[in-house]
Amino acid sequence: MDNRSIANLLIETADLLEIAAGDPFRVRSYRRAAEAVESTTLQLGRLAAEEPKKLLEISGIGKGMAANILEIEKAGTLPLREELLAKYKPSMLELLKLPGMGPKSVALFWETLQVCDIDGLEAAIEAGKLEDLPRMGAKAADKLKKGIAEYRKNSGRFHLDDAEIAAEKIAGYLLAYPGIDRVTPAGSLRRGRETVGDLDLLATGPVCEEDKVAPAVDYMAAYPPIASLIAKGANKVSFRLSSGLQVDVRLLPEVSYGAALQYFTGSKMHNVSVRQRALKRGYTLSEYALAKVEDGSFVAGATEEEIYSALGMDWIAPELRENNGELEAALEQRLPELIELGDIRGDVHMHTVMTDGRNTLREMAEAALAKGYSYIAITDHSKNLAMTNGLDDQRALEHIARIREIDKEFSEIQNSSNRQQIRVFAGIEVDILGAGELDLSDEVLAQMDVVIASVHTLFNQPLEEMTARVLRAIENPYVRILGHPTGRMLLRREAYQIDMARVLKAAASAGAAVEHNANPNRLDLSDRDLRMAKEAGCKIVVNTDAHHTSEMENMRYGIRQLRRAWLTKADVLNTLDADEFIKNLRPKPENQRQNACVLRHFRVF
DNA sequence: GCCGTTTTCGGCCCGACTGTTTTCAGTCG
């Protein structure tokens, strides 16, 4: 079993244990173990089979947890989880996903109302049964009702990274079959949408020709992780994985691969529009080929490029295929040259063991160097995030001193060898408090290269109040970057209400940058927000907010979103080299004052 | 259930916010 699945079982056990009012520290140890399992680079499945003693070397995994992991490998589950599931219901784990719903409420509803699933909860709310319960009232019921609506809107969709990992595994399996030489994800995954409803995969190769594809289809249908087979056709297999993700795999001959890719990539509106244009030119486009209307003769089909080209268009990057003007641009050869992963020179939002990160300052710098970045900023949390051991003024100053040392050391390494240079900037992610003030002093912030101001709490504030708070924070001249300004957290909860247009305008006029968080599981901007930011003239920075060296890899997902917003290299600040980046971040106030002096000087004389 | 030790048991990131209370439990980050 892969690490993520093992971790999920441990998390489920922790959730159930919490509902059962088990020892909170025991619960935490299950969660810690799950985190350790997920972040280790070791393959636990293989380790458990070959060298089980090595499991104990992982921090957070002791004797009991190692036994649990061995049991998971052997039986696919662990005894405690089974025991708890016999007492409670699996659907309670889903109830926990509702915003505002925790283990105590799940237990309460089960014990008093025998409610164990979302439908049951909804019925209980409608019947007004919740309000008789202790600590429950009209407002709480209303909140849950909204939570249910939000959950239903998003359920069944998966984060881009989860879909991509699943796609890579299936592609690996298919490519191991002799005679299949290309597998490409299509659909919303290929378009880079931040959530994916189901997975479309296209495969081709010599064995995918119409008359000999059957054995390859059988092979696909025998993919071991399949939880349930939905359909098996002549060249198509549909199935569901245990995560609930539905996958459609199509095996297609090479001659029509491009047409199929174009067709299954969508979006629907883009395809409708392309076909209308094809018809005007006397062509008809299907998933098999672009053909002449008059006699059905083949025009193009093997690649997307030849299809778009036959229609007089440049090839359109999948991220742009939303019928948002990309066809017109393609016809007039004015499609933007979209930003690429390789354009990014630095990642300026990351955490270390000083607060809630999992790696040290040095490890983060080494990892960034290995990735070829020319700079990073270490931006640990400030004190208001007490759970992360956030830095107060004093510790922040010590933090800066340590970063300066590492920065010096890494530039010396560069001088004494041929290694590439990396700059390490000192930074902080400060909290925007209730009145818009920050939780560290200006004296300390002034010494930072990168100050990111973020809202971490206060989710239920009215729009006006929340907007005012963020606007006030931007007024602080030391705020260089506005962190996750929308508070939008996909699949988990509603965004907090904020007037983005005003915030972006204020950031643009103050010269502060806005951040796009590349981590698919965190707070970020939508492609609409990103387009708005560009239009407002905002500087944009894309960061991974890495809490672990491996999370730096998430940059590629962030880039997909930037591409969907039609952004180019010139639109994104951290494509600049280190010196230019710092120069273009919001200038420090002392520089602004200097500038003001110079201006006055000119006026007088 | 893990960890570390002042070795075999005691401690385990903590503070803000909300909606219910009328002093606090539950949830969240």
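Visitor: Which residues does L85 touch, not counting residues up to four places away in sequence?
Guide: This is a predicted model, in which local features need pLDDT of at least 70, side-chain atom pairs count only at pLDDT 80 or more, and totals for chains, interfaces and linings use all residues. Residues are numbered from 1 along each chain as its sequence is written, and side-chain values use heavy atoms, with hydrogens and water left out. A contact means heavy atoms within 4.5 Å. With residues up to four places away in sequence set aside, L85 touches L16 and P90.

Visitor: In which helix does L85 lie?
Guide: Helices are DSSP runs of H or I with at least four residues, numbered from the N terminus. The run that holds L85 covers residues 79-87 and is helix α5.

Visitor: How far apart in space are L85 and I540?
Guide: In sequence, 455 residues separate L85 and I540. In space, taken C-alpha to C-alpha, the distance between L85 and I540 is 47 Å.

Visitor: What share of the residues in chain A is buried?
Guide: Buried means under 20% relative accessible area, with a 1.4 Å probe and protein chains only. Of the 605 residues in chain A, the buried share is 51%.

Visitor: What share of the contacts in chain A with a separation of 6 or more comes from residues 24 or more positions apart?
Guide: The count takes in contacts in chain A with a separation of 6 or more. Residues 24 or more positions apart account for 68%.

Visitor: What does the C-alpha trace of chain A span along its principal axes?
Guide: The extent is taken over the C-alpha trace of chain A. Along the principal axes, that trace spans about 80 × 70 × 60 Å.

Methods
Chains are lettered from A and ligands numbered from 1 in the order in which they are written. Buried means under 20% relative accessible area, exposed over 50%, partly exposed in between (1.4 Å probe, protein chains only). Helices (H or I, at least four residues) and strands (E, at least two) are DSSP runs, numbered from the N terminus.
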